[in-house]
Amino acid sequence: AAALATALERGADECACPTVRVAPGGLLEGAAASDAATGRPAVEVLNRLGLAATALGARDAVWSLDTLRRRMAQSRFPWLAANLVDSASGRRPDWVVSHRVVDAGGLRVGLVGYVGGDAQAFFRSAGVTGIVVRPGAAALREALGAVKREGADLAVVLAHAAVTCGAGDCAGEPVELARELAGAADVIVAAGDSGAVVRVGPVQVVAARPGGAEVATVDLVRTVVEARELRVSRTPVDPDRLPPDSAVAAIVDRATARADSLGRRVVARVKLPLRRGARGDSPLGDLVADAQRNALRADVAVVSDATLAGDLPAGPVTQGELRALHGGARALTTLTVTGGVLRQVLEAALSDDRPVLHVSGVLLRYDPRAPAGRRVRRVRLSDGSDLKDKRSYTLALAAPLARSARLPMLGGAPAAPSTATDTDALAAYLQRLPQPVAPPEPGRLQAAR
């Protein structure tokens, strides 16, 4: 954060031109130092970064709508969302604005906020009621018309929605918005896991890598023939090479000290060491999968072996150790899938020389000598029934795993994002178990002889 503040200032100084700083939303939740104080340190940092506006992100309401509104009131910049509607009145809620027009050296820049279509399911899981998310370009037409009437020379949509690019092609809500908003918008600032830059007709779509790891710059240039041209560049933010902004560093230090204090709190006690093991079926992996299935009340849960950074020793376990175990917190989600798709997921777990996913809610018999894709022999659910290919089941997993290349069969599955993270789910589950916590029964993945 302190390096990002320096990078922004250096970028403005090197350009020696008017600048407008914006973000696509989702700024409050995800870092331990901020989460420990329900997002307040994040707002303190963002106030120092000189944002002109941000879009509202669904997970910004992870603690409660009241907490979000307090954080918005503490911000020196507006939170924009043109496509939220109060279900009772049919109008935009009075606590959020749809757009803002700012001046940049005589250039009028219109900023319009957009909340991604999957936010509705997340709001539902977070207990945020009375809010309807209207997805698609039609929900932005009124706000874009308003910024034009207010004299905007450039129209920018801040979209808290992910754009993904691969094999020369980009997809996602921001790309669809760009196709539909040609002539109404000039730039769409999007979210995403790896960042993306793509032109869709006359609309420039751009995303910086998350976590403050990168600054994406869109230069508006007047050409020699008096036309306008948008040029995009991306600058990595390297904390080892950029001197920290002292004011931001002080905020981070205070928040980190508080989070470290909370991280030392004992959550539970473990009877025996819990290890990942040499195979996908391990005591620790099984316990983590049980916690996620329990938290989301799903039929089945899967956990990637790669997300477990180590083992848990016997004795007291702290909140900080659980976070370190997961390498940080990941949001959980529930997908509704058919038994046939779930069988494909389990096949993917067996595609390498050893199982790479931990499971909960199923007993799986497989043949390790069979070709990849044909190793599953029998799947039995926790209620004793066999998996039915045409029946629907709920699957709990971390949101990044649901979008990973390892599990492409989950791409079209209906999702219900959760307010819980993998770290929260494990802490809550450990606290509910008899103390000291014993390892779960082994044998969920059984190699056929």
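Contact here means heavy atoms within 4.5 Å. I keep that in mind for everything I call a meeting or a touch below, and I remind myself that this is a predicted model.

**Entry 1: two helices**

I started with helix H9 (residues 283-296) and helix H13 (residues 422-432), which pack with their axes 8 Å apart at an angle of about 95 degrees. Angles of 65 to 115 degrees count as roughly perpendicular, and H9 and H13 are therefore roughly perpendicular to each other. Which residues of H9 meet H13? I found Leu287, Val288, Asp290, Ala291, Gln292, Asn294 and Ala295 on the H9 side, and Asp422, Ala425, Leu426, Tyr429, Leu430 and Arg432 on the H13 side. Sorted by class, this contact of H9 with H13 has 8 nonpolar, 2 polar and 3 charged residues.

**Entry 2: Asp186**

Next I looked up Asp186, which sits in the loop between helix H7 (173-180) and strand E10 (187-191). Is Asp186 buried or exposed? Its relative accessible area is 17%, and because buried means under 20%, Asp186 counts as buried. A polar atom of its side chain lies 2.8 Å from the backbone nitrogen of Ala155. Leaving out residues up to four places away in sequence, I listed what Asp186 touches: Lys148, Asp153, Leu154, Ala155, Pro202, Val203, Gln204, Arg228 and Leu230.

**Entry 3: a hairpin**

Cys165 stands opposite Cys170 in E9. The two strands, E8 and E9, form a hairpin with 2 residues between them, and Ala167 in the turn has a positive phi of about 55 degrees.

**Entry 4: two open sheets**

I then followed an open sheet of 3 strands in the order E21-E20-E24, with mixed pairing. Strand E21 (376-381) and strand E24 (445-447) stand at the edges with a single partner strand each, so one side of each has no neighbour in the sheet. From one strand to the next, the twist averages 15 degrees. Strand E20 (residues 362-366) pairs with E24 in the parallel sense over 3 bridges, and Leu364 has Leu445 in E24 as its bridge partner. I also saw that helix H11 (residues 339-349) lies across E20 and E21, at about 120 degrees to E21.

Last, I checked an open sheet of 3 strands in the order E1-E2-E3, with parallel pairing. Its edge strands are E1 (22-23) and E3 (79-80), each pairing on one side only. Strand E2 (residues 53-55) pairs with E3 over 2 bridges, and Ala55 stands opposite Leu80 in E3.

Notes
Residues numbered from 1 in each chain as written. Predicted model: local features only at pLDDT ≥ 70, side-chain atom pairs only at ≥ 80, totals over all residues. Heavy atoms only, no water. Helix = DSSP H or I, 4+ residues; strand = E, 2+ residues; numbered from the N terminus. Buried < 20%, exposed > 50% of the residue type's maximum accessible area, 1.4 Å probe, protein only. Polar contact = N/O pair within 3.5 Å; in protein donor to acceptor, adjacent residues only side chain to side chain. Pairing = 2+ DSSP bridges. Axes fitted to C-alpha atoms, helices over the stretch in contact; angles between N-to-C directions. Parallel < 35°, antiparallel > 145°, perpendicular 65-115°, else oblique. Nonpolar A, V, L, I, M, F, W, Y, C, P; charged D, E, K, R; others polar.
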